[in-house]
Amino acid sequence: MTDHNAAPQPDATSQETASTDGLRLERRGAIAVLTIDNPPANTWHEGSLAALADHLDALAAEPQPPALVITGAGDKFFSAGADLKRFTEGKATALEMATRFGRAFETLSAYPGVTIAAINGYAMGGGLECALACDIRIAERQAKLALPEAKVGLLPCAGGTQHLPWLVGEGWAKRIILCGERIDAERALGIGLVEELVDAGQALPTALALAEQSGGQSPDALARCKRLIMNARDHGLPHGYRMERELFMELFDTAAPGEGIGAFLDKRPPRWREDTTDDTHDGDQA
């Protein structure tokens, strides 16, 4: 069980590095926090979707991509998805929106670091698709989740029809998409749509604690493990077995095995990140 008390809290080291219309990026050490901030319902639009893709590209290009936590501003909405009025402006606008959503959330799904959705309220349509593109989902008890596009003559166009069946199975995916069933947080946990259920106000601290925990992993090994896990969606076991061996040997072209095994044998924490310093005090040494 996650220790909520161990969750990193905002402090003097927190630094907001970018703010766009509808999206805020904040760095907390080795963790990046993206907040969807477009009141009243934290909807996505062309600008925030483009900014999300740009932020992800920049973070992924870092030598050691940070863990990423995505949450919604306020205490009611994670994100209600797209502003439906944009889809009344004709086929060209609909294509532009679908393309923006697709690129942003495909980039999120392919991000090499750990991604965690802190679902602090309604996650509807494109809002839920954003969470589905993350590796892990933490939901607060008041959260509601749905993909209601078919009710208005549309369909999920940002990965929802592809990601959802892998998480909850074909039957529940069909209930949610084809029957328009809205899922509360407890049911979401029961069917595997989210990985943890927490009280109101605890999604972000819990996600930050989990992101901090992932920081103990080798970034080189973590990125390759994630590729292998995602590979299972697209290829059969023979391909996966071969890829496992190839990426395992590829790690020996990095410093990860030497540092990890050396740290284990030396009985010390591994130093994965370049900015890691030895905080051992003289009085603590044997």
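Colleague: Which residues have the most contacts inside the largest nonpolar core, and how many residues does that core have?

Modeller: In this predicted model, the largest nonpolar core has 48 residues, and Phe105 and Ile119 are those with the most contacts inside it. Helix H4 (residues 160-178) gives the most to this core, namely six residues. Leaving aside residues up to four places away in sequence, Phe105 touches Trp44, Leu49, Leu52, Gly126, Glu129, Cys130, Ala133 and Ala158. A second, separate core has 15 residues, including Ile31, Val198, Leu208 and Leu210.

Colleague: What makes H6 largely enclosed by the rest of the structure?

Modeller: Nine of the 12 residues of H6 are buried, and the helix is therefore largely enclosed by the rest of the structure. The buried residues are Ala203, Pro205, Thr206, Ala207, Leu208, Ala209, Leu210, Ala211 and Ser214.

Colleague: How do you know that the span of helix H6 agrees with its number of residues?

Modeller: H6 covers residues 203-214, and at 1.5 Å a residue its 12 residues should span 16 Å. The C-alpha atoms at its ends are 16 Å apart, which agrees.

Colleague: Why is the pairing of Arg28 and Glu26 called a salt bridge?

Modeller: The side chains meet at 3.1 Å, N to O. The cut-off is within 4 Å, so the pair at 3.1 Å qualifies as a salt bridge.

Colleague: Why do Arg28 and Glu26 count as buried?

Modeller: Buried means under 20% relative accessible area. Arg28 has 14%, so Arg28 is buried. Glu26 has 17% relative accessibility, so Glu26 also counts as buried.

Colleague: What makes the pair of Arg27 and Glu62 a tie between parts of the chain?

Modeller: Their side chains meet in a salt bridge of 2.8 Å, N to O. Arg27 lies in strand E2 (residues 23-28) and Glu62 in the loop between helix H1 (46-60) and strand E4 (67-72), so the pair ties together parts that are 35 residues apart in sequence. Glu62, at 28% relative accessibility, counts as partly exposed.

Colleague: What links Arg141 to Asp199, and where do the two residues lie?

Modeller: A salt bridge joins Arg141 and Asp199, with the closest N and O atoms 2.7 Å apart. Arg141 is in the loop between strand E8 (136-140) and strand E9 (144-146), whereas Asp199 is in the loop between strand E11 (196-198) and H6, 58 residues apart. Asp199 counts as partly exposed, at 45% relative accessibility.

Notes. Residues numbered from 1 in each chain as written. Predicted model: local features only at pLDDT ≥ 70, side-chain atom pairs only at ≥ 80, totals over all residues. Heavy atoms only, no water. Helix = DSSP H or I, 4+ residues; strand = E, 2+ residues; numbered from the N terminus. Expected span 1.5 Å × (residues − 1). Buried < 20%, exposed > 50% of the residue type's maximum accessible area, 1.4 Å probe, protein only. Core = buried A, V, L, I, M, F, W, Y, C linked by side-chain atoms within 4.5 Å. Contact = heavy atoms within 4.5 Å.
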